[in-house]
Amino acid sequence: MPPVPPRPLLFLDYDGTLAPIVDDPAAAVPHPDVPDLLARLVDAHPVVVITGRDLAALGRLLGGAGGPRVRAVGLHGVETGWSDGTVEERATEAHGEALDRLRAAVPDAQGVVVEDKGAAFAVHYRAAADPDAARAALEAWAETVPDGLTPIWGKRVVELRPAGVSKGTAVAALAAEHPDRTPVYLGDDVTDEDAFRALQALRQPAVTVKVGEGETVAGHRLPDVDAVVAYLRAFL
Ligand SMILES: O=P(O)(O)OC[C@H]1O[C@H](O[C@H]2O[C@H](CO)[C@@H](O)[C@H](O)[C@H]2O)[C@H](O)[C@@H](O)[C@@H]1O
């Protein structure tokens with residue numbers, strides 16, 4: 001098990017970390033123990049859920065107003081607010097026209113699904129009839145993304161993020177608010193690698209944990225969401 005520092009600042013990715021990966025993004029409910037666990041963790045430590053989802057969607061999945069109230073960062077750093085779906089700040093909405101144009105040009109392949117995220121969108125090809133062909137078509141589409149937006153590839157998904165915004169910039173800013181805490185970051189996907197790198201570059205020591213398989217710069221690894229839940233219990 002990764003180390004359990006006594007004064008942690010917990011950063012928790014959502015999909016693949018607090019909720020198992022499933023075919024339908026709208027059906028990615030958390031591990032059954034997660035809502036109660038989060039509610040107890042926030043009484044003991046600062047906790048931030050950090051996700052590529054928009055916060056409204058995160059709120060729906062975590063039970064909305066009836067679920068735990070945890071600080072949250074959405075859209076890979078664009079939104080800040082709360083896990084019940086409340087948005088306090090949105091970094092930018094200046095790309096509306098480009099997003100509309102790109103959305104209209106998403107390749108029309110069978111099984112390719114666009115997930116609307118308010119100020120952004122994601123294109124999933126997990127359910128595509130031919131995922132390799134869908135990925136190739138999406139790579140060509142991503143070549144047309146203008147400066148100011150960055151296409152980012154996750155688990156069978158590509159999404160657009162404003163340039164200069166990432167989970168890395170978000171966690172560095174939040175860690176600076178808690179210089180006396182040890183950041184502990186758990187994440188499973190490519191975009192979490194930005195956060196691992198940012199935390200490893202801090203003066204504060206940090207615990208970085210990759211969930212699942214795949215290359216990583218993280219210092220530790222847990223196999224799956226069940227193991228995440230067991231590890232988080234150790235902070236109570
Ligand atoms: O930063 P995260 O909380 O890990 O969110 C990253 C993206 O996760 C979701 O997509 C992924 O999970 C889906 C549900 O398990 C899965 O079907 C999909 O293939 C994965 O890519 C979510 O839909 C995206 O909006 C997030 O950006």
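Ile50 stands opposite Val73 in strand S3. That pair belongs to a predicted model. Ile50 lies in strand S2, which spans residues 47–50. S2 and S3 are two of the eight strands of an open sheet. The protein chain is divided into domain 1 and domain 2.

**The sheet as a whole**

- Eight strands line up in the order S5-S4-S3-S2-S1-S10-S11-S12.
- The sheet is open, and its pairing is mixed.
- Strand S5 (87–90) forms one edge and strand S12 (220–222) the other. Each of these edge strands pairs on one side only.
- On average, neighbouring strands of this sheet are turned by 20 degrees against each other, direction ignored.
- In general, strands of a sheet pair through backbone hydrogen bonds, either parallel or antiparallel.

**Around strand S3**

- S3 covers residues 71–74 and pairs with S2 in the parallel sense. Three bridges join S2 and S3.
- One of the bridge pairs joins Ala72 to Gly81 in S4.
- S3 and S4 form a hairpin with four residues between the strands. In this hairpin, Leu75 takes a positive phi near 50 degrees.

**The S11 and S12 end**

- Strand S11 (residues 207–211) pairs with S12 in the parallel sense. The pairing runs over three bridges.
- Lys210 has Arg221 in S12 as its bridge partner.

**Helices across the strands**

- Helix H5 (residues 167–176) lies across strand S1 (8–12), S2, S3 and strand S10 (182–187). H5 runs at about 170 degrees to S2.
- Helix H6 (residues 190–200) lies across S1, S10 and S11. H6 runs at about 160 degrees to S10.

- Domain 1 is made of two stretches, 8–90 + 165–233. Domain 2 takes in residues 96–156.
- The domain centres, taken over C-alpha atoms, are separated by 24 Å.
- On the domain 1 side, 15 residues are in contact with twelve residues of domain 2.
- H2 and H6 each supply at least two residues of the side of domain 1 that touches domain 2.
- The residues on that side of domain 1 divide into seven nonpolar, three polar and five charged.

Key. Residues are numbered from 1 along each chain as its sequence is written. This is a predicted model: local features need pLDDT of at least 70, side-chain atom pairs count only at pLDDT 80 or more; totals for chains, interfaces and linings use all residues. Two strands pair if DSSP finds at least two bridges between them. Axes are lines fitted to C-alpha atoms, for helices over the stretch in contact, and angles run from 0 to 180 degrees between N-to-C directions. Two residues are in contact if their C-beta atoms, placed from the backbone, lie within 7 Å. Domain bounds come from an automatic or database domain assignment. Ala, Val, Leu, Ile, Met, Phe, Trp, Tyr, Cys and Pro count as nonpolar, Asp, Glu, Lys and Arg as charged, and the others, Gly among them, as polar.
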